[in-house]
Amino acid sequence: MRYSKLLIPTTKETPAEAEIASHQLLLRAGYARKVASGTYTYLILGHRCLQKIMGIVKAEMNRADAQDILPPILQPIELWKKTGRDVAYGDTLSRHIDRHGRTNVLAPTAEEVMTDLIAREVSSYKQLPINLYQVNAKFRDEFRPRFGALRSREFIMKDAYSFDATEEGLDKSYQDMHDAYCRIFEKCGLDYVVVDAASGEIGGTGSQEFMIRCDAGEDLILSSENGDYAANVETAGIGTRTFDLGGEPTGERDLVHTPELKTIEEVGKFLKVKAPNFLKTLVFQRQSGGWVIAVVRGDHDLNENKLKALAGQDITMEFDLAAAEAAGFAIGFVGPDAVVGKDNVTLYVDHDAAAAQFWASGANQVDHHAKHFNWQRDVVAPLGDDAEAKLIVADIRNAAAGDPAPKNDGQTLVETHGIEVGHIFKLGTKYSISLDATFLDEDGESHPCIMGCYGIGINRILAGAIEQLHDENGIVLPMAIAPFEVEIIPIGNDKPAIQEKAEQLYADLKAAGVDVLLDDRDARPGVKFKDSELIGIPMRIVIGERGLAEGKLEFKSRTGDGAEMIDAEGAAEVIAARVAALR
C-alpha cells in the first residue's frame, strides 16, 4: 500500500491522557484514536495488526477442532439471571432497555448464550465433545477505563467454550486449548508465562492465565527462582513456614485509647508499633449462619480466595453492622481474642501471624487497641478443649517476594508484573445446570454437560506486544503481527531512477507475497525515517541516489544495530526470504 493514500496521523507529542508506553505509542503512531472514555477507533495500522492477530488465533483454534460461530453481542438479561451473573457482574454489566421495555445486556463474555445454544441443540453423548468459539466485540462498563487497550470498555475477545461428557474429556479439551494458546503467543512473538489463577466472576474449579511480563502490567506474578512455579498473587501459594502459638508474654496486656484511629498506619504511628508487629483482624459472616475471623500480620494482605477455600465460599464481609455488633464484634477494633466466649465462630490465622513475639492488636472495644497480645495467654488457654476446632493456622495471605516457594525445594518467590492476554477455565457444570444443557448417556440417563471456557484479548495482545517490545524510537512489533512487513523509502521524489526502482521493488515484493508499504510521500528523509521507526515496520529498504548508482540498496531491521547494503538486482528475492524466515 502507498503511504500517501493512508490515514496515519503520527504526532511528536505524547498525549497527556496516556499513562503507559503502549497507550502513548498507539496514539502517537496513529494506530488508534480515542472516541470516548474507554472506546477507540483503530485506524489502518492498528486494524491491520488486530486482523493479523485474529488470523493467528483463528488458525490455531481451527487446528484444535474448535468451531467458529457468531453469537449476538446484545443478549436477553433472562439468560444472565438464570446463572446469577446479572448480580455478580454488578454495574460492569451494561444494560439496555429496548423500545418494548425488554432488558438486554451488552455481552462482556458469552458463557450464557453459548450454553443456551448447546441446551437447545445437543441431546446425546454422541454429539460430544464440542468446542465453539467466536472472535467478537465485548463490552464491560469499567468504572475507570485506563491504559488504553489494556482496560477499555469495548474490546475484541476470542472466547471458546468446550462441552464434554466426562471429566476426562474436559481435561483433554482444556489441555488442547492450553497447547493452542501456547502456539498462538509464540507465533505472536511474545515472551509469556503461564500462571495458576483464580476463576473470579467466571467461576469453575481451576484456571490458568497467560501473562506477558512487563513493568507496566497491572497483574502481579510470583514465581520460583528457577521458574518451575508461577502464579498470580490471587492464587500463589507459600511453602512451609514454622509457627509457634506458645511463648511467654512480652508484657501485661496494655489497653490503649485510640480514638478515631482504625488503619494499621494510623494506629501503628500512634502506638509506635511497626506493621510487622501488628495483627490485622478481619471479620466475615457466613450466609448460612456464624462468623469467621481472619488474622494476618499488619504488613501482609489477606487473600480472600485462600480463606474461602478453607472456610467456605459463603463467607462475606458485606454484613449488617448491627448484626456484627449484636454478635459482640467491635468492628474496626476487633482482636484475635474476639473468638473467645463466642459460639459458631472460627478463627483462621496465617502462619506468620501465629508467632511468639511482641504483638499489638485490636482490643475488642471501640476506640481501643492493645499492646502485648499473646496467643497462648489470650486465645489458646481460654479456648481450652475448643482450641483445635476453633483456631486454625493456615496459609491465608497473599504471597510476596522472598517467601518460600510452594514446592519446598529451597527456592524463594520472586515478583514481576505482567499483562494478562489469555485465561482458560475448567467450569464444570456451573452453567450447564443453570441453563439446562444436558445430554443422554448410553443408558439413556441425563447428565449436565461438563464445560470449559477459554478467552484471549485480541487488543491486549497488540498493546502487550508494544509494551513489552518498544524502544525509545517507537513501536517494535514481531513480523507476524506488524501492520506491514517491509517499508520502502525512496530518497528523492524528483529522481526518475529512484522512483522507477522503488515502484519495481514494490511490485516485486507484492508479487512475492510480502506485505509492503511504499512511503511515496513528498516529505524530507528525516521525517520518513522517524515515522518508520515510530510505526514499527520490521524491515526498511532505503533507495538513495548514491547507493543505486553502485547497484545497492540500504537494508535495515527495526531491531538491528545498523544498516547493510544489499544488491539492487534480486533484492526482492532476498528480502522475501528474510521476511519468510521471521513470519
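Helix α2 crosses helix α13 in a right-handed sense. In this predicted model, the axes of α2 and α13 (residues 458-469) lie 9 Å apart and meet at an angle of about 115°, and the two helices are therefore described as roughly perpendicular to each other, a term that covers angles of 65 to 115 degrees. On the α2 side the contact is formed by Gly46, Cys49, Leu50, Ile53, Met54 and Val57, and on the α13 side by Ile458, Asn459, Ile461 and Leu462. Sorted by class, the residues of this contact comprise eight nonpolar and two polar ones, with no charged residue taking part.

The crossing of α2 and α6 is right-handed. From α2, the residues in contact are Ile56, Val57, Glu60, Met61 and Arg63, while α6 contributes Met177, Ala180, Tyr181, Arg183, Ile184 and Lys187. The contact of α2 with α6 contains seven nonpolar and four charged residues but no polar ones. Val57 of α2 takes part in the contact with α6 and also in the contact with α13.

Elsewhere in the chain, Ala353 is located in the loop that links β17 (345-349) to β18 (360-362). The relative accessibility of Ala353 is 0%, and the residue therefore counts as buried, the cut-off being under 20%. When neighbours within four places in sequence are set aside, the contacts of Ala353 are with Leu279, Val295, Val296, Arg297, Trp359 and Trp375. Lys280, although 73 residues away from Ala353 in sequence, has its C-alpha atom 8.8 Å from that of Ala353.

For the protein as a whole, 17 helices and 29 strands are assigned, and the C-alpha trace extends over about 95 × 65 × 50 Å along its principal axes. Of the 583 residues, 53% count as buried, and the accessible surface amounts to about 26100 Å², with carbon and sulfur atoms supplying 48% of that area. Among contacts with a sequence separation of 6 or more, 69% are between residues 24 or more positions apart.

Technical notes. Residues numbered from 1 in each chain as written. Predicted model: local features only at pLDDT ≥ 70, side-chain atom pairs only at ≥ 80, totals over all residues. Heavy atoms only, no water. Left-handed = near helix turned anticlockwise from the far one by under 90°. Helix = DSSP H or I, 4+ residues; strand = E, 2+ residues; numbered from the N terminus. Contact = heavy atoms within 4.5 Å. Nonpolar A, V, L, I, M, F, W, Y, C, P; charged D, E, K, R; others polar. Buried < 20%, exposed > 50% of the residue type's maximum accessible area, 1.4 Å probe, protein only. Areas by Shrake-Rupley, 256 points an atom, 1.4 Å probe, with all protein chains shown as cover. Axes fitted to C-alpha atoms, helices over the stretch in contact; angles between N-to-C directions. Parallel < 35°, antiparallel > 145°, perpendicular 65-115°, else oblique.
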